[in-house]
Amino acid sequence: MLLVESDEDLRVAYGWYLRKAGIDVDAVGDVPDAELALATTKYDAVVIAYRLASGDALNYLRERRAAGWQMPVLLLAGWDHVTDEYSVADLRHVDDQLVKPFPLDDLVERVRKLIQRAAAKAAQVLRVGDVEIDTARRRARRAGAPLVLTVREFAALELLAANQGQPVSHADLIGHVWSEMVDPPSGALAVVIGSLRRKLGPTVDVRRVADIGYRLTGQQSPAEMGLAFPVTIYLSDQSVHRQVQAAVEELIHTAGAVIVDRDEPVLGSWFRRMRARTRAAATSGLAREAATSAAHALDSRLVLAQDATVTATMMQNLGPVLASLQPTKDAVIRVGALLIVKVEWTVTVHQLTAAQQLVLDHHPQLLTSPHDILAALRPTTNSTATTSVAFATPPTTTPDMTPNTAPPLLSHNSDHPRAPDSPAGPT
């Protein structure tokens with residue numbers, strides 16, 4: 001980056017601190033030296049003081065912008081300059097500003113964000129999966145068709161795609177999607193990402209990175225993906241459908257799958273049918289451990305190993321879904337071989353055999369009938385048992401939803417509870 005500051009002491013201090021932070025800096029004292037540096041070196045950003053020996057930096061920036069100059073610029077100004085010498089309209093010539101005095105850490109942070117934004121704009125067309133992002137024209141296409149995005153959705157996609165495969169922090173996304181001067185409401189970024197994720201489709205994955213932010217990666221096309229499985233959500237109270245659907249979709253992502261199709265929801269009570277596919281056979285340590293655990297809980301003769309792995313992984317991460325169901329009295333959620341049924345505030349979680357999945361495929365009306373579905377799926381004397389976990393959840397209490405802990409009650413579709421570490425079925 002290029003630093004233009006007439007005050008020698010400040011120029012030395014700023015340059016030293018920026019270099020210490022790992023940023024390559026050329027520092028000059030005035031516009032003529034800056035012109036020479038810009039003519040001979042390609043920079044990612046310019047930091048320029050408002051008051052220079054040759055005059056007002058904004059006059060220089062106006063002339064450069066009028067000539068089509070696109071360089072990202074951070075302006076350093078004093079309070080007297082901000083209040084007396086230039087208007088808000090003048091700031092259209094700069095990308096960001098800092099008012100003196102300021103902590104040097106703020107300078108480093110602003111410069112890094114400026115360079116990051118420049119990188120997002122540098123590539124005119126970014127490609128991720130079957131999505132193309134034209135950063136110059138501010139347009140996106142999916143599989144060749146125009147992709148309709150809001151301004152904020154496009155800004156988030158632009159930054160994530162420019163850093164494809166790398167996590168982008170919440171702070172950087174908020175700064176790029178809104179601005180440094182705006183503090184959006186809590187959860188606003190998650191809403192933008194959720195909407196963007198639904199529009200991008202199955203070949204682009206936007207995944208939450210715990211305690212950091214989000215990471216975007218390209219995925220296989222649906223034809224190249226693995227196991228397909230149905231997803232349905234029935235709620236007796238439609239007021240919580242957004243929270244429940246978001247929790248279910250996050251669970252599916254956690255299990256290494258992606259939603260590839262959605263029907264329009266049926267209102268009144270609330271029902272939605274979707275379809276998901278696994279991205280590839282799971283190979284992570286968590287997935288392998290889950291598959292081993294699943295061997296005792298599922299009939300391996302009837303359920304594919306990949307299906308068992310996906311289901312077992314979801315069983316280990318049910319906390320947010322169960323928490324989202326708290327306000328509704330009755331519900332049925334099916335995600336492949338995973339079934340969650342809530343009747344009169346009591347939740348049961350089941351891993352289904354292939355035969356029971358077939359029953360649901362042929363009798364879809366059961367997916368909207370919490371009172372009838374368990375009776376219809378109750379195993380006969382010759383069928384393989386289904387593992388289930390029961391949670392008593394009256395509306396005034398909240399059960400312990402801590403993931404990856406033993407459930408309070410494990411039943412074997414009988415009247416007698418089984419210890420949590422007992423085998424769940426025939427081996």
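The structure is a predicted model, in which local features need pLDDT of at least 70, side-chain atom pairs count only at pLDDT 80 or more, and totals for chains, interfaces and linings use all residues. Residues are numbered from 1 along each chain as its sequence is written, and side-chain values use heavy atoms, with hydrogens and water left out. The secondary structure comprises 14 helices and 23 strands; helices (H or I, at least four residues) and strands (E, at least two) are DSSP runs numbered from the N terminus.

**Whole chain**

- The chain has 427 residues, of which 48% are buried; buried means under 20% relative accessible area, exposed over 50%, and partly exposed in between, with a 1.4 Å probe and protein chains only.
- Of the contacts between residues at least 6 apart in sequence, 60% join residues at least 24 apart, a contact being heavy atoms within 4.5 Å.

**Packing of helix 6 and helix 8**

- Helix 6 (residues 151-162) packs against helix 8 (residues 188-200) at an angle of about 75°, and their axes are 10 Å apart; axes are lines fitted to C-alpha atoms, for helices over the stretch in contact, and angles run from 0 to 180 degrees between N-to-C directions.
- Helix 6 is therefore roughly perpendicular to helix 8 (under 35 degrees counts as roughly parallel, over 145 as roughly antiparallel, 65 to 115 as roughly perpendicular and the rest as oblique).
- Helix 6 contributes Arg152, Glu153, Ala156, Leu157 and Leu160 to the contact, while helix 8 contributes Val192, Ile193, Ser195, Leu196, Lys199 and Leu200.
- These contact residues divide into 7 nonpolar, 1 polar and 3 charged; Ala, Val, Leu, Ile, Met, Phe, Trp, Tyr, Cys and Pro count as nonpolar, Asp, Glu, Lys and Arg as charged, and the others, Gly among them, as polar.
- Glu153, in helix 6, is buried with a relative accessible area of 5%.
- A polar atom of the Glu153 side chain lies 3.0 Å from the backbone nitrogen of Thr150.
- Beyond its neighbours within four places in sequence, Glu153 is in contact with Val148, Val192, Ser195, Leu196 and Lys199.

- Glu5 is in the loop between strand 1 (2-4) and helix 1 (8-20) and is buried, with a relative accessible area of 2%.
- The side chains of Glu5 and Lys100 are joined by a polar contact of 3.1 Å (a pair of N or O atoms within 3.5 Å; within protein, one must be able to donate a hydrogen and the other to accept it, and residues adjacent in sequence count only if both atoms are side-chain atoms).
- The peptide bond from Lys100 to Pro101 is cis, with omega near -5°, and Pro101 lies in the loop between strand 7 (96-100) and helix 5 (104-122).

**Loops around strand 19**

- Gly336, in the loop between strand 18 (331-335) and strand 19 (338-343), is buried with a relative accessible area of 2%.
- Not counting residues up to four places away in sequence, Gly336 touches Phe229, Pro230, Leu352 and Gln357.
- Most residues other than glycine have a negative phi.
- Glu344, in the loop between strand 19 and strand 20 (346-351), has a positive phi near 50° and is partly exposed, with a relative accessible area of 42%.
- Trp345 is also in the loop between strand 19 and strand 20, and its phi is positive, near 75°.
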